[in-house]
Amino acid sequence: MESMTFVLFGATGDLAKRKIFPALYNLYLEGKLPSTFSVIGLGRRELSHETFQSNVERSIMEFSRRQATPSPELTSFLSAFRYHPLDVTRPEDYRTLLQLVQERESELGIPDNRMFYLSVAPDLFDLIASNIKASGLGSTRGWKRLVIEKPFGHDLASARELNEKLSKSFEEDEVYRIDHYLGKTMVQNLETFVLANPVIQAVWNKEHIANIQITASETVGVEERAGYYDQSGAIRDMIQNHMLQMLMMTAMHQPTQISAATIRAQKKQIMENLRPVPRAEVAKNVVRGQYAAGSIQGKAVPAYLDEPGIEAASRNDTFVAARLWIDDEKWKGVPFYIRTGKRLAAKSTRIVVEFKNPTEHLYAHRNEQTSPNLLVIEINPNEKISFLLNGKNVLNEGVLDEVRMDSQGDKKQLPEAYERLIYDALQGDSTFFAHWNEVELSWQWVQPILDAFAANEVPLHTYEAGSNGPEASERLLKEEGFEWLLDP
Ligand code: BG6
């Protein structure tokens, strides 16, 4: 891997502390960082290099998945870190930053490959990007890359505006948009599991699949993010990005060869064929909910409206379920159901594929029925794939019984999403980052829903904290004769 400088905006923030420093450290231990590299942390406050290095050390001690103890390796890792105070609005601060970056590049004898990681509020993305350009920081003979994390805009228009601005300073192939769901082991594994297995490919279509259900349920509430969440809701926070990314990864067609470009092209095609939901039809196809008081694992929790910082009359969505159709030859007539919510019964992210069941009446003469085959891909907190098939219970007069075949859960300590994604970005592999096309098409699909929610054209169902969400989300599936499967 080529030597480079990792320029981290927001180096004194929470994400840096919990995720980015530990990820860099674990990559370092695995020999997945270049042999020589430089990290420059940026923040508003004044800090000495030494204080910054001890802050980084502390965050690694606390948050690294591998237990860290003082060691020569850790010392040498930390010696790559420098700090530079920077007010993102002041052009002269970028010029002094450039001096420091160049000083370090020549000290270490490394080329001017620069990765700009923006771990800051999204409304600063375009300002920082344009200052990177204006200061000369972005004029490199080597490569330059920009890493940003959602939200990319607040709706279709603002996302387009942001992209337009960013594209003045960085080319599309230099922008790495993190969607941390694309860093999850099982989401990445979908690529191989679905596309590279002829047995799965043979049944991965409307002939064999009855419906697909994608769930991301959480037990946490709004936490300390009232200001952000009350303006976003589940629709912007989860559906526009993570849920639609999982849908694309599940439904994409097999390309002739696997590469970042072909995967992205396939994902884009899914979004292009995703049937739009006109505003007038949102209420029929989308269910929105908000949690009421209840209890989670035996502990009483307040209603959303009673959470600190939430507007008393907020009509924000903390739960969204939707029915989607992909109008292409592979998926015509197969409903995809997605749902996500806070304060639900369990933390669980999973994809359930229900197969059609032409053998249902094979045992009718014995008054027995086969069950539809199911494929369950558990993404979080478990990481495993299970097949549910019909079998015979020889211990009980041969009656039909469910046979469950589970992939062995990997007990090894797996790298975290941020580790994988930072590694990929350092290598210039953009497969598991959101391309602008995907982001734009996702906003385009979501926009009528935002409009219908804002105009209150969709009922807001309350649901008890600790439940499986509003009853109304069952109705969505009943219309096609299905139900949510394998509720925790
Ligand atoms: C984030 C959302 O993107 O994803 C959070 O902003 C949510 O609201 C989180 O809790 C869920 O991620 P995970 O990895 O815990 O499923």
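Tutor: What follows starts at the annotated site and then moves to the chain around it.

This is a predicted model, in which local features need pLDDT of at least 70 and side-chain atom pairs count only at pLDDT 80 or more, while totals for chains, interfaces and linings use all residues. Residues are numbered from 1 along each chain as its sequence is written, and side-chain values use heavy atoms, with hydrogens and water left out.

The "binding site" annotation comes from an unreviewed UniProt entry and includes G10, K17 and K150. UniProt positions are given in the numbering used here, feature names are shortened, and annotations may be inferred rather than shown by experiment.

G10 sits in the loop that joins β1 (4–9) to α1 (14–29). Helices (H or I, at least four residues) and strands (E, at least two) are DSSP runs, numbered from the N terminus. G10 counts as buried because its relative accessibility is 16%; buried means under 20% relative accessible area, exposed over 50%, and partly exposed in between (1.4 Å probe, protein chains only). Not counting residues up to four places away in sequence, G10 touches A16, L42, S119 and V120, where contact means heavy atoms within 4.5 Å.

K17 belongs to helix α1. Its relative accessibility is 37%, so K17 counts as partly exposed. Leaving aside neighbours within four places in sequence, K17 is in contact with P22, S59 and F63.

K150 is another annotated residue, and the peptide bond from K150 to P151 is cis, with omega near 5 degrees. Most peptide bonds are trans. P151 lies in the loop between β5 (144–149) and α6.

Helix α6 (residues 156–166) in turn packs with helix α5 (residues 125–135): their axes come within 9 Å and cross at roughly 10 degrees. Axes are lines fitted to C-alpha atoms, for helices over the stretch in contact, and angles run from 0 to 180 degrees between N-to-C directions. The two helices, α5 and α6, are therefore roughly parallel to each other, a label for angles under 35 degrees, with over 145 roughly antiparallel, 65 to 115 roughly perpendicular and the rest oblique. In this contact F125, D126 and A129 of α5 meet L162, K165 and L166 of α6.
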